[in-house]
Amino acid sequence: MRVILTGASGRMGRQMLALFQSVGDIDVIAVDKVFAADFDKCFPDVIGVYKSISEVKGSADVIVDFSLHTAMKEVAEFALEKRIPLVVATTGHTEDEKACVTCASRFIPVFMSSNMSLAIAHIKEFAAKLAVVFSDADIEIVEVHHSKKADFPSGTALSIAKRIVKERGFGKLVTGQCNGRERGDINIHSLRMGESLGEHKIIIDTGTERIIISHETHSRAVYASGALKAMKFVMTKNNGLFGIEDILQ
């Protein structure tokens, strides 16, 4: 399997490279704008190193994007031009960047998820079902990530909240609200501290009882494993936009 990995020298990029090496039978083409000059020396097993995905020669079986959301347009256009399945694992996309993904998915298979953890996918489903059962409950989401994470709220917290609103059929998302909530508001609180790899807590309060769903990530290997499953899944599709929930079906 030939894989184009963007953001190869980043934290998740390095985790993916370690997983690919342990799995075997995967040839990696690395793309990294910052450390491209010496990346091949640090990781001699990659078959090619490029500063931009537009410079990549030849083709591949799948592209895995762990770079930055700002590279989305370039990555999506390359995937579309080469007709290569795409896995998007970045967050913080603008509406224009999301539109690029949607456009590409009409012609190629695109897997896009703010969180590659299968546990988070199940939690999202469970939280949405509980929110419907307790339709009048107040719901708060607290998310914690490392101090260098730029976007907030996290893509995961947003996806959980949006799923709840969709299932309930009413409500809206708010951030950092302390008072004056309206029925159906899903309030998200974001903390940026230390080296946290991701903590999410969904609090459902009916007034007479409180349900707390909590998830904490201890290793980036969780996300790498989920991304590998996403790669294998998206390679079986002809076109369309898919998410982590599709793997559960």
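**Sheet, helices and rings**

Author: Strand E7 (residues 138–145) runs parallel to strand E9 (residues 186–192), and the two are paired over seven bridges. Two strands pair if DSSP finds at least two bridges between them; helices (H or I, at least four residues) and strands (E, at least two) are DSSP runs, numbered from the N terminus. This is a predicted model, in which local features need pLDDT of at least 70 and side-chain atom pairs pLDDT 80 or more, while totals for chains, interfaces and linings use all residues. Residues are numbered from 1 along each chain as its sequence is written, and side-chain values use heavy atoms, without hydrogens and water.

Reader: Which residue of E9 is the bridge partner of Val144?

Author: The partner of Val144 is Leu191.

Reader: In what order do the five strands of the open sheet lie?

Author: The order is E8-E9-E7-E10-E11, with mixed pairing. Strand E8 (173–175) and strand E11 (210–216) are the edges; each has a single partner strand, so one side of each lacks a neighbour in the sheet. Neighbouring strands are turned by 20 degrees against each other on average, direction ignored. Axes are lines fitted to C-alpha atoms, for helices over the stretch in contact, and angles between N-to-C directions run from 0 to 180 degrees.

Reader: Which strands does helix H5 touch, and which does helix H6 touch?

Author: Contact means heavy atoms within 4.5 Å. Helix H5 (residues 118–133) packs on the sheet against E7, strand E10 (199–205) and E11, its direction making about 170 degrees with that of E11. Helix H6 (residues 155–168) touches E7, E8, E9 and E10, and makes about 175 degrees with E9.

Reader: How is a pair of aromatic rings described?

Author: Such a pair is described by the distance of the centres and the angle of the planes. Rings of Phe, Tyr and Trp (its six-membered ring) pair if their centres lie within 6.5 Å; planes under 30 degrees apart count as stacked, over 60 as edge-to-face and the rest as tilted. The structure holds two aromatic pairs. The centres of Phe111 and Phe233 are 6.1 Å apart and their planes stand at 75 degrees, so this pair is edge-to-face. Phe111 lies in strand E6 (residues 109–112) and Phe233 in helix H7 (residues 221–234), 122 residues apart. Phe233 also pairs edge-to-face with Phe242, at 5.4 Å and 80 degrees.
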